[in-house]
Amino acid sequence: MKVEKYQLKSESNLTTFEFISEGPRGLIRKKIQFQWTRTPNLYNLAVGDTNPETGEIDDMVVSNNADSEKVLATVISAVYAFFDKRPGAYVYATGSSDARTRLYRMGITKFYEQIMNDFYLYGQVGDEFYDFEVGTEYNGFLAQRKFK
Amino acid sequence: MKTELPKLIQDLNNSKVPIVIIDPSLEKYRDQILFPEKLARAEELLKNAKIPENKHRR
């Protein structure tokens, strides 16, 4: 599946990325961060916008910039870059609300074939992780890179 | 004769591992938690979670 992506910039450690979303609402500077958690070798994936007036990061905003598929493809490409540097790591993602988590699931479903080909992917129900299945509701998602 | 720019764009669009520009202005974010609420929510959901076997340590 070939989908357009935005150009990614990063600091040298490849944990914080930035790209610029382009759409009807103009240019929106977005940040992606892989955050170290208390669980060893497990990073939380977080995405948000930079407020152009204050410079602050807003993780609750809905951009509505009509480029969600391109944004999603860009975030997934950042995941590849992150794993390329840390092949044994886990990446976890959950939405800032249940509705946002459902959006994540829909996004994963859109890129399902590519994701399943390259990642071990699990869905969280309570404290358990199960192999990801399309159509199942999850609280969060956990990925590890497959290397063939 | 092909120019360099189309080749770069083609590489960018075809590669799963993207071409990432290292931007020194982003270094200040290395040790900064940009989305503390998201990290807190993740920590809460992971607090008692059973993490699957690490496939790279078999």
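This is a predicted model: local features need pLDDT of at least 70, side-chain atom pairs count only at pLDDT 80 or more; totals for chains, interfaces and linings use all residues.

Colleague: Which residues of the largest nonpolar core touch the most other members?

Modeller: A:Val75, A:Val91, A:Tyr92 and A:Phe141 do. That core holds 37 residues.

Colleague: And which elements each supply at least two residues of this core?

Modeller: From chain A: β2 (16-23), β3 (26-36), β4 (42-50), α1 (68-85), β6 (90-93), β7 (119-125) and β9 (140-145). From chain B: α2 (36-46). The largest share, nine residues, comes from α1(A).

Colleague: Let's look at β9(A). Why is it described as largely enclosed by the rest of the structure?

Modeller: Because six of its six residues are buried. The cut-off for buried is 20 or more other C-beta atoms within 10 Å of a residue's own.

Colleague: Which residues point which way from that strand?

Modeller: A:Gly140, A:Leu142 and A:Gln144 point one way from β9(A). A:Phe141, A:Ala143 and A:Arg145 point the other way. All are buried.

Colleague: In what sense does β9(A) pair with β6(A), parallel or antiparallel?

Modeller: Antiparallel, over four bridges. A:Ala93 stands opposite A:Phe141 there. β7(A) also pairs with β9(A) in the antiparallel sense, over six bridges. In that pairing A:Tyr120 sits opposite A:Gln144.

Colleague: Switching topic. Is A:Pro24 buried or exposed?

Modeller: Exposed, because A:Pro24 has 8 C-beta neighbours inside 10 Å and the cut-off for exposed is 12 or fewer. A:Pro24 lies in the loop between β2 and β3 of chain A.

Colleague: What is A:Pro24 in contact with, leaving aside neighbours within four places in sequence?

Modeller: A:Asn65 and A:Ala66. There is also A:Asn64, 40 residues apart from A:Pro24 along the chain, with 8.4 Å between their C-alpha atoms.

Colleague: Now the two chains. How many residues are in contact?

Modeller: 31 residues of chain B contact 47 residues of chain A. On the chain B side, β1 (20-22) and α2 each supply at least two residues. The largest share of that side, eight residues, comes from α2(B).

Colleague: How many on that chain B side are nonpolar, polar and charged?

Modeller: 17 nonpolar, four polar and ten charged.

Colleague: Which strand of chain A pairs with β1(B)?

Modeller: β1 of chain A, residues 8-10. The two strands run in the parallel sense, with three bridges. A:Ser10 stands opposite B:Ile22.

Methods:
Residues are numbered from 1 along each chain as its sequence is written. Chains are lettered from A and ligands numbered from 1 in the order in which they are written. A nonpolar core is a set of buried Ala, Val, Leu, Ile, Met, Phe, Trp, Tyr and Cys residues joined through C-beta atoms within 7 Å. Two residues are in contact if their C-beta atoms, placed from the backbone, lie within 7 Å. Ala, Val, Leu, Ile, Met, Phe, Trp, Tyr, Cys and Pro count as nonpolar, Asp, Glu, Lys and Arg as charged, and the others, Gly among them, as polar. Two strands pair if DSSP finds at least two bridges between them.
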